[in-house]
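Please read them alongside the coordinates.

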Amino acid sequence: MKAILITSCALVTLAGTAFAQTSPSGTVSDQDYMKRVMTAAPSQIVADATVVRMNGSTMETLKKGTNEWTCMEANGVPMCLDPNAMEWAHAWQTHGPAIDKTGFIYMLAGDTGASNTDPWAKGQTADNHWVQTGSHVMIVGAAAKAMPGYPRTADADPTKPYVMWPGSPYEHLMIPVK
Ligand SMILES: [Cu+2]
């Protein structure tokens with residue numbers, strides 16, 4: 001039950017955030033939505049994952065999975081999160097304290113851009129250090145803070161590993177995989 005509540009919370013709040021600003025999915029069939037979500041992670045993970053979708057402000061479970069992963073699209077960007085990453089996303093969106101756990105997120109389809117300095121930016125501005133990252137995975141939470149040696153600059157090179165939102169409670173490692 002806890003996991004479901006966290007999922008719901010993260011979903012409600014993820015929609016309309018830094019992950020993406022485009023592609024309202026209202027006209028996409030559930031079948032096409034599932035196909036797009038499948039691009040977020042390796043097929044053997046997605047195959048057994050729970051797939052959820054926002055319908056207005058309600059969360060719909062399109063497929064109840066048998067593994068720990070939750071896959072979804074937030075504003076057109078597919079991703080698969082483990083339970084700790086769901087907690088991390090919840091903390092981020094509610095401006096809550098940083099989690100002391102480590103989570104993992106697949107975003108193999110890439111994203112459509114985010115500010116690297118404002119975790120809650122709604123879009124690109126002249127000075128919010130917009131960065132668009134291709135196929136990548138993310139390490140979020142405690143371990144990301146304990147892994148030194150990654151660039152922590154406002155203007156990131158998204159073709160190489162970097163820290164997104166450096167210095168904030170939600171800083172995390174962005175790791176390109178292609
Ligand atoms: Cu990402």
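1. Start with β3 (residues 70–74) and β4 (residues 77–81). These strands run antiparallel and are joined by five bridges. A74 has V77 of β4 as its bridge partner. Keep in mind that this is a predicted model.

2. Helix α2 (residues 30–37) packs on the sheet. Its contacts are with β1 (50–55), β2, β3 and β4. The direction of α2 makes about 110° with that of β3.

3. A further helix to check is α4 (residues 83–93). Helix α4 lies across β3, β4, β5 and β8. Relative to β5, α4 runs at about 95°.

4. Next, the whole sheet. It is open, has eight strands, and its pairing is mixed. The strand order reads β2-β1-β3-β4-β5-β8-β10-β9. At the edges stand β2 (58–63) and β9 (162–164); each has a single partner strand, so one side of each lacks a neighbour in the sheet. On average, neighbouring strands are turned by 30° against each other, direction ignored.

5. Now β8 and its partners. Strand β5 (residues 102–107) and β8 run antiparallel, with six bridges between them. One of the pairs sets T102 against G141 in β8. Between β8 and β10 (residues 172–176) there are five bridges, again in an antiparallel arrangement. Here M138 stands opposite M174 of β10.

6. Why is β8 (residues 136–141) largely enclosed by the rest of the structure? Because five of its six residues are buried. Buried here means 20 or more other C-beta atoms within 10 Å of the residue's own.

Key. Residues numbered from 1 in each chain as written. Predicted model: local features only at pLDDT ≥ 70, side-chain atom pairs only at ≥ 80, totals over all residues. Buried ≥ 20, exposed ≤ 12 C-beta atoms within 10 Å, placed from the backbone. Helix = DSSP H or I, 4+ residues; strand = E, 2+ residues; numbered from the N terminus. Pairing = 2+ DSSP bridges. Axes fitted to C-alpha atoms, helices over the stretch in contact; angles between N-to-C directions. Contact = placed C-beta atoms within 7 Å.
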